[in-house]
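Please read these points with the model open.

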Amino acid sequence: IHEELYYGYWKDNQKDNHGLYLWMDEPENNYDFSNSNLDVYIGDLKEDRYTKGTYLTKKNDEYYLYYGLFDEDGRKTDKNAMFYSSSDRLIKGEIVSDNFIEGYVAFFNSETGNLSSFNYCKFGSDGTVINLKQEKDLVEEIGNVDKIKNEMILFRNVILEEDYFTDIYERYKQIRGFIKEHMNSIDVLDDSLKKIRSVESRAI
């Protein structure tokens, strides 16, 4: 089953200001988050366009979370974006049109939560690393990198503590339930249309 949901503000018949936009694929009558796939945007919008917010994607057992700005075409474009993936990797850096250019890359130990590696990478057009600087090289170039590392650790901790994916899924189910409660099925619309057509035919 594929479903699409927007929950938020509108202006001049366009999504605007702030909202949650979700696309969901899941088996019928499913209530287990692990069986679902989803894309969801939460953040600021202007005239139906993403401007700044969080974009989450879950496909089977893999997922990623992006936080940053978007360009006029809805692509991730930011000088200081954050990108977290289910491999417990976090990138903080520049992204242009959905492609990372360069940035700090941290891998974490999933069991302890500690940093297992911290580097600065430049990426090719296919996402491969074309240049890598290790932490000791960064310290020599820019000095203390603890502030950057701590910011990345805090960002990861917030993601894992808040459990965004489960919260969004549960909110989606609540909204879907509310809609179904107040409009049991599309038959409600069909019945209304039939009544309108009946009135029109009698008027003719």
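1. Contact here means heavy atoms within 4.5 Å; helices (H or I, at least four residues) and strands (E, at least two) are DSSP runs, numbered from the N terminus. The model is predicted: local features need pLDDT of at least 70, side-chain atom pairs count only at pLDDT 80 or more, and totals for chains, interfaces and linings use all residues. Residues are numbered from 1 along each chain as its sequence is written, and side-chain values use heavy atoms, with hydrogens and water left out.

2. The cover over the buried residues of α3 includes β1 (2-11), β2 (14-25), β3 (37-46), β4 (49-59) and β5 (62-69). Buried is under 20% relative accessible area, exposed over 50%, and partly exposed in between (1.4 Å probe, protein chains only).

3. In α3, the buried residues include Phe165, Ile168, Tyr169 and Tyr172. Seen down the axis of α3, the buried residues fall within an arc of 170° (directions from the helix axis to the C-beta atoms), so they line one face of the helix. Exposed Gln174, Glu181 and His182 are on the face turned away from the buried side.

4. Rings of Phe, Tyr and Trp (its six-membered ring) pair if their centres lie within 6.5 Å; planes under 30 degrees apart are stacked, over 60 edge-to-face, the rest tilted. The count is 15 aromatic pairs. Tyr6 and Trp10 are edge-to-face, 5.1 Å centre to centre with 85° between the planes. Tyr6 is buried at 15%, whereas Trp10 is exposed at 52%.

5. Tyr41, Tyr50, Tyr55, Tyr66 and Phe70 form one aromatic cluster.
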